[in-house]
Amino acid sequence: MTKRAAILGSGHYVPTRVVTNDDLSKLMPTSDEWIHQRTGIRERRFIERTGIGASDLALPAAKMALEQAGRDVKDVDAVIFATLSPDVNFPGSGCFLAHKLGIPGVPALDVRNQCSGFLYSLSVADAWVRAGVYKNVLIAGAEVHSTGMEFNERGRDVAVLFGDGAGCVLVGEATRDGQGIHNVELHADGVGAQELWVEAPASMYIPRLTPEMFDEGRHFPRMNGKQVFRWATEKMPEVAHSVVRRAGLTMTDIDMFVPHQANMRINQLVAAKLGIPDDRVVHNIERYGNTTAATIPIGISESWRAGKIGPGSRVLMAAFGAGFTWAGSVTVSRTCRRGQHDARDQAAGGGRGGAAGAGRRRRVRRPDRAGARASSWPTRTTTSWSRSRATRSSAWSPRSTTSTPTRPIRSCGSTRSAWPRRTAGRGSARRCCRRRWRWAASSAAAWRGWRPSARTPRRCGCTRPRAGRRSRRRRCCSRSASTEACADRRRRVERCLPGSGGERNALQRSRGRLRADRAGDTKHAENADPTPRSACASRKTTWSSSMSEAWRSRTASTRARRCAPARARTG
């Protein structure tokens, strides 16, 4: 089994103080109808008192995740803390959380990727576990937004969105085949950095925060809602399709979609583009608002405890946030035991988790063609066997018996298909053996190991293949009266000569005499041998000077016929 990381446990925590839309309407000009219509939020959670930071919210969530995973605090090898609202500017909140958990010396890392921070952290933990660097990595996503909002008319568009909360997961090595984090994909584009940001205090200013900045409210978050909405509804479906495709799945295979909870309208539009029904989409923004890096782990934890995510569930996650950054991931929870499948998988005839699913089945390859041809084939019976896990007995029993048509055996002993196959718009016969050739065996090895020596020699001794139907004029030897018309035959005759001396010279003199006769060259005709004679080993062809005499007489008679009418007119 390939080593793979998996989410072993999850937990969440939100403050006990509930702030409704009506409560906000007392602080700024707004209403419950206005907020719910634009965001889908009814209430959110704020910290109860001062002195509570993001690490304080993450502490109970981390303990809940460890309890569900069956791990002790001492088993944690590393901490990754995703937040945009750390306890202090530095050090990172991961150090505070590790100290509060009582695990000194454990490395801690903060991730500042805002709304997509959890998926960025999941990618880091996945790489660590698969590489064998750490065995158990605790990921925390926690936010305290209530202390950084501008509760007035100028900051109303942002203040109504955010809430406080924390979610944690424990990532470790997968214990079953098919379980684990199948894919994580990360993206960023700084072109939209100023569309959603907090400008001050900033190290690029001297001083980092001035009274003018404070009066202008530049230390509060600012957002271009239209641009964020447009980018989110475009990038989240895009990355979701990508991770599902790379995981070898389709959207119909997804059991639960956990999107980042930024806006109810965004989630509904993204789910509609993905074709995922609303009953398989996690929505908790109505109760918690936008908790940025904590939205996805809170959704996973609540779905586990509500029974929406169970053994073998395929979970799709997608997020979009400031930067702009966006990410997606596909994970599979602990796989089902054998015999535990939902109705959809049973109807499809398969199980989840490969070897961890219902008994192993041997696939029977179906014939390439169906219909009337297949019905005339002989059939063979194939039985797939399985052993009951419940009884744990060593007896194997047949699960299914399938009669599969087999291809007919040809006269050469091959079962290779001889059906016509449509290629390039025309039918061409594809056979296991061709009568034009002589094959050693009709098998893939024989086809690949074909040698020219395996060709069938023709009557004339030439091994050049015949031409196809489209070029019948191209043959291995010419049937014309002139022997020089066939280059192959000329070469064959020369090869068949026993020596390269007198007989070869005699043949050359015979050819020279013939050419001289055709040209009317008397000098060369006298020097040529009047009676050359040579034998060919294959056809015993004989050439003599009679050929030149026949040619001369035929030429003279032809000239006489053509010139007779002219002489008659002249006379």
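Q: What pLDDT does the protein average?
A: The model is predicted, and pLDDT gives the predictor's confidence in each residue, from 0 to 100. At least 70 is reached by 58% of the residues. The average for the protein is a pLDDT of 75.

Q: How many contacts beyond near neighbours in sequence does the model have for residues 467-485?
A: The pLDDT of this stretch is below 50. Where pLDDT is low, the predicted coordinates should not be read in detail. With that caution, the contacts of residues 467-485 beyond near neighbours in sequence number 20.

Q: How many contacts beyond four places in sequence does the model have for residues 523-544?
A: Over residues 523-544, pLDDT stays under 50. The number of contacts in the model beyond four places in sequence is 42.

Q: What percentage of the residues of the protein count as buried?
A: The protein has 18 helices and 17 strands. A residue counts as buried under 20% relative accessible area. Of the 571 residues, the buried part is 41%.

Q: Which helix and which strand each supply at least two residues of the lining of the second largest cavity?
A: The second largest cavity holds about 100 Å³ of space. Its lining includes Ile300, Trp304, Thr331 and Val332. By class, this lining has six nonpolar, three polar and no charged residues. The two elements are α11 (295-306) and β13 (325-332).

Q: Which residues lining the largest pocket are the closest to its centre?
A: The volume of this pocket is about 1,200 Å³. Its lining comprises 22 nonpolar, 12 polar and four charged residues. Of the 38 lining residues, the closest to the centre are Leu84, Ser85, Pro86, Arg112 and Val198.

Q: With which residues is leucine 161 in contact, leaving aside its neighbours within four places in sequence?
A: Histidine 145 is 16 residues from leucine 161 along the chain, and their C-alpha atoms are separated by 9.8 Å. Contact requires heavy atoms within 4.5 Å. Leaving those sequence neighbours aside, the contacts of leucine 161 are Thr39, Ile41, Met223, Ala262, Gly289 and Asn290.

Notes: Residues are numbered from 1 along each chain as its sequence is written. This is a predicted model: local features need pLDDT of at least 70, side-chain atom pairs count only at pLDDT 80 or more; totals for chains, interfaces and linings use all residues. Side-chain values use heavy atoms; hydrogens and water are left out. On a 1 Å grid over the protein atoms alone, a cavity is a set of points where a 1.4 Å probe fits but cannot get out, and a pocket is an open set with protein on both sides within 12 Å along at least five of seven lines; lining residues have an atom within 4 Å of a point. Grid points are joined across faces, edges and corners, and a volume is the space filled by probe spheres set on the points. Helices (H or I, at least four residues) and strands (E, at least two) are DSSP runs, numbered from the N terminus. Ala, Val, Leu, Ile, Met, Phe, Trp, Tyr, Cys and Pro count as nonpolar, Asp, Glu, Lys and Arg as charged, and the others, Gly among them, as polar. Buried means under 20% relative accessible area, exposed over 50%, partly exposed in between (1.4 Å probe, protein chains only).
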